[in-house]
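Thank you all for coming.

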Amino acid sequence: MTATASMTKTIPAVGTKATSRFRGYASFGSGDSSVLLEIADSPSAKRKGLMGRKSMPECCGMLFTGLTGGSFWMKGCLIDLDIVFLDNDSVSRLYTMKADGGDRMYRYGSETAAIELPAGFCSRHGISRGTEVEVRTWR
């Protein structure tokens with residue numbers, strides 16, 4: 001299904017209607033924990049990420065795709081975040097990143113995708129290294 005500004009898509013596991021801001025969802029483990037996803041798939045969207053945001057609802061996250069090795073940082077971020085790096089549809093590493101951590105780098109290796117989530121989301125939902133993740137996206 002393709003979502004446009006005038007369409008909505010109901011995600012049963014989240015129980016929320018997705019507007020054009022959200023272009024996907026992620027389901028963790030057995031599907032008990034799901035989030036709607038904004039997608040950072042362009043260089044400028046990846047650079048900006050969640051900078052300047054004052055809050056992040058528990059049911060939302062941001063998916064970063066097309067990663068090729070490197071790091072994330074929190075410069076300009078106003079909220080603490082969890083980040084999970086994905087490899088072969090499971091969590092390969094995760095960090096809790098502190099707001100405006102300046103130049104602190106959160107490194108990753110061969111992973112090609114990551115999801116930023118509200119801080120504490122992983123511990124509240126039992127997400128750890130090896131947890132399976134299903135990601136679905138639409139346009």
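Let me begin with Glu 38, whose place is in strand 4, residues 33-40, where helices (H or I, at least four residues) and strands (E, at least two) are DSSP runs numbered from the N terminus. This is a predicted model, in which local features need pLDDT of at least 70 and side-chain atom pairs count only at pLDDT 80 or more, while totals for chains, interfaces and linings use all residues. Residues are numbered from 1 along each chain as its sequence is written, and side-chain values use heavy atoms, with hydrogens and water left out.

Is Glu 38 buried or exposed? Glu 38 counts as buried because its relative accessibility is 8%, given that buried means under 20% relative accessible area, exposed over 50%, and partly exposed in between, with a 1.4 Å probe and protein chains only. If we leave aside neighbours within four places in sequence, Glu 38 is in contact with Arg 21, Phe 22, Arg 53, Gly 61, Met 62 and Leu 63, contact meaning heavy atoms within 4.5 Å.

Two of those contacts are also salt bridges, a term I use for a side-chain nitrogen of Lys or Arg within 4 Å of a carboxyl oxygen of Asp or Glu. With Arg 21, the closest N and O atoms of Glu 38's bridge are 3.2 Å apart; this pair links distant parts of the chain, since Arg 21 sits in the loop between strand 2 (16-18) and strand 3, 17 residues from Glu 38. Arg 21 counts as partly exposed, at 42% relative accessibility. With Arg 53, the closest N and O atoms are 2.8 Å apart, and here too distant parts are linked, Arg 53 lying in the loop between helix 1 and strand 5 (60-65), 15 residues from Glu 38. Arg 53 is partly exposed as well, at 25%.

Elsewhere, Glu 134 forms a salt bridge with Arg 136, the closest N and O atoms being 3.0 Å apart. Through shared partners, salt bridges join Arg 21, Glu 38 and Arg 53 into one network, and a search of the whole structure finds seven salt bridges.

Ala 26 is buried, because its relative accessible area is 0%, and its contacts beyond four places in sequence include Ser 33, Val 35, Ile 115 and Glu 134.

Now to the largest pocket, which holds about 340 Å³ of space. A pocket here is an open set of points on a 1 Å grid over the protein atoms alone, where a 1.4 Å probe fits, with protein on both sides within 12 Å along at least five of seven lines, and lining residues have an atom within 4 Å of a point. Its volume is the space filled by probe spheres set on the points. The lining has 21 residues, of which Lys 46, Arg 47, Phe 64, Ser 71 and Phe 72 lie nearest the centre, and helix 1 gives the most, with four residues.

Finally, the aromatic rings: Phe 64, Phe 72, Phe 85, Tyr 95, Tyr 106 and Tyr 108 form one cluster, where rings of Phe, Tyr and Trp (its six-membered ring) pair if their centres lie within 6.5 Å. By this rule the count is seven aromatic pairs.

Definitions and conventions
Rings of Phe, Tyr and Trp (its six-membered ring) pair if their centres lie within 6.5 Å; planes under 30 degrees apart count as stacked, over 60 as edge-to-face and the rest as tilted.
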